[in-house]
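Let's take a friendly walk through this model, from its sheet to its core and its charged pairs. Have the sequence and the 3D view open as you read.

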Amino acid sequence: GMSVMVEALTWHPYCSFNWTRNGELATRQKCELKFGPWVYSGQKMDVKLDTKAIDLSHFSENPCWEIMSTRSERREKVYDCCPDTMYPELIFEFSLKRKTHAPNFCLRV
């Protein structure tokens with residue numbers, strides 16, 4: 001048989017910020033997170049989405065940013081080194097809008 005053990009994980013990702021030409025923080029940001037095996041191909045380790053919807057039920061309200069939309073997708077990547085080998089990846093994208101009353105120190109998303 002087969003058994004799967006998934007340990008709890010808390011991860012604090014960071015996204016790069018977009019800035020205006022004036023050097024100010026842009027009010028809209030896109031954050032893309034990618035997950036997938038680094039060593040194993042899709043033949044040895046596969047990653048899948050249960051659903052396209054991103055579960056925000058445990059989301060804590062942020063005083064600086066509002067989530068405008070979310071998107072998730074599974075892609076299969078093929079690299080030049082290994083044209084017959086597929087590497088799966090999961091992409092989670094968040095479109096954020098800075099709240100108008102957010103203080104200037106609100107850079108962390």
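The sections below cover the ground rules, the sheet, the nonpolar core and the salt bridges.

## Ground rules

This is a predicted model, where local features need pLDDT of at least 70, side-chain atom pairs count only at pLDDT 80 or more, and totals for chains, interfaces and linings use all residues. Residues are numbered from 1 along each chain as its sequence is written, and side-chain values use heavy atoms, with hydrogens and water left out.

## The sheet

Three strands make an open, antiparallel sheet in the order β1-β3-β2. Strands here are DSSP runs (E, at least two residues), numbered from the N terminus, and two of them pair if DSSP finds at least two bridges between them. At the edges sit β1 and β2 (65–77), each pairing on one side only. From one strand to the next, the twist averages 15 degrees, taken between lines fitted to C-alpha atoms, with angles running from 0 to 180 degrees between N-to-C directions.

The antiparallel strands β1 and β3 are joined by eight bridges. If you look for Lys 34, its bridge partner in β3 is Ile 91.

In soluble globular proteins, nonpolar side chains tend to be buried together. The largest nonpolar core in this model has eight residues: Leu 25, Cys 31, Leu 33, Ile 54, Cys 64, Trp 65, Phe 94 and Leu 96. At least two residues of this core come from β1 (28–35), and at least two from β3 (87–98). Such a core is a set of buried Ala, Val, Leu, Ile, Met, Phe, Trp, Tyr and Cys residues joined through side-chain atoms within 4.5 Å. Buried means under 20% relative accessible area, exposed over 50%, and partly exposed in between (1.4 Å probe, protein chains only).

Beyond its neighbours within four places in sequence, Leu 33 has contacts that include Trp 11, Pro 13 and Phe 94; a contact means heavy atoms within 4.5 Å.

## Salt bridges

The whole structure holds eight salt bridges, each a side-chain nitrogen of Lys or Arg within 4 Å of a carboxyl oxygen of Asp or Glu. One of them joins Glu 93 to Lys 30, with closest N and O atoms 3.9 Å apart. Glu 93 is buried at 14% relative accessibility, whereas Lys 30 is exposed at 52%. Glu 93 also meets Arg 71 at 3.4 Å, N to O. Both pairs' residues belong to a network of salt bridges linking Lys 30, Arg 71, Glu 73, Arg 75 and Glu 93.

Arg 74 and Asp 46 form another salt bridge, at 2.6 Å from N to O. Arg 74 lies in β2 and Asp 46 in the loop between β1 and β2, so this pair ties together parts 28 residues apart in sequence.

Key. Helix = DSSP H or I, 4+ residues; strand = E, 2+ residues; numbered from the N terminus.
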